[in-house]
Amino acid sequence: QVHLVESGGGLVQAGGSLRLSCAASGRTFSSLNMGWFRQAPGKEREFVATIRWMTSSTYYADSVKGRFTISRDNAKNTVYLQMNSLKPEDTAVYHCAAYFGDRYYRRYEYDYSYDYWGQGTQVTVSS
C-alpha cells in the first residue's frame with residue numbers, strides 16, 4: 001500500500017510561482033511512476049505531468065509545457081511540481097498519483113492507470 005500526501009498549494013497572483021510536494025509512504029517509492037493531475041470546478045480531472053520510475057523521464061500536458069517542472073527525490077520519497085508563470089486557468093485541486101513501474105502497458109496520461117492518489121491541494125491563481 002502507498003499513501004500519498006500533497007502540500008504546497010495556496011493563493012498566488014497570475015505570473016507567480018508555487019511548488020507542490022507529494023510525500024509517499026513506504027520503501028517502494030523508487031519503483032513508482034508518479035504523476036500530477038488537476039481538477040477545476042465543473043471540469044474533468046486532467047493530466048498535468050508525470051515522471052518515470054527508472055529513467056526519471058518526464059512528460060507534460062501541452063497546457064503546462066515550458067511552465068511546470070516535475071521532479072523526484074527518491075531519498076526523500078517525494079515528488080515535486082514546480083509551477084511558474086501561473087495563469088488563472090491553472091486554478092484547480094492538484095492531485096498526486098502513482099502506480100508501480102512494472103505496469104509498463106499503462107498509459108501515463110490516463111487517470112485510471114494510477115492506483116494510488118493523494119487527497120489533493122488547492123491552487124488558486126488570481127488575475
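**An eleven-strand predicted model**

Good morning. The protein has zero helices and eleven strands, where helices (H or I, at least four residues) and strands (E, at least two) are DSSP runs numbered from the N terminus. Its radius of gyration, taken over C-alpha atoms, is 14 Å, close to the 14 Å from the globule rule for 127 residues, so the protein is as compact as a globular protein of that length. That rule is 2.2 Å times the number of residues to the power 0.38.

This is a predicted model, in which local features need pLDDT of at least 70 and side-chain atom pairs pLDDT 80 or more, while totals for chains, interfaces and linings use all residues. Residues are numbered from 1 along each chain as its sequence is written, and side-chain values use heavy atoms, with hydrogens and water left out.

Along the principal axes, the C-alpha trace spans about 40 × 25 × 25 Å. Of the contacts (heavy atoms within 4.5 Å) between residues at least 6 apart in sequence, 58% join residues at least 24 apart. Buried residues make up 45% of the 127; buried means under 20% relative accessible area, exposed over 50%, and partly exposed in between, with a 1.4 Å probe and protein chains only.

I turn now to two serines. S56, in the loop between β5 (46–51) and β6 (58–60), has a positive phi of about 60° although it is not a glycine. S56 is partly exposed, at 34% relative accessible area. S85 lies in the loop between β8 (78–83) and β9 (92–100), and its phi is near 50°, again positive in a non-glycine residue. S85 is partly exposed, at 41%.
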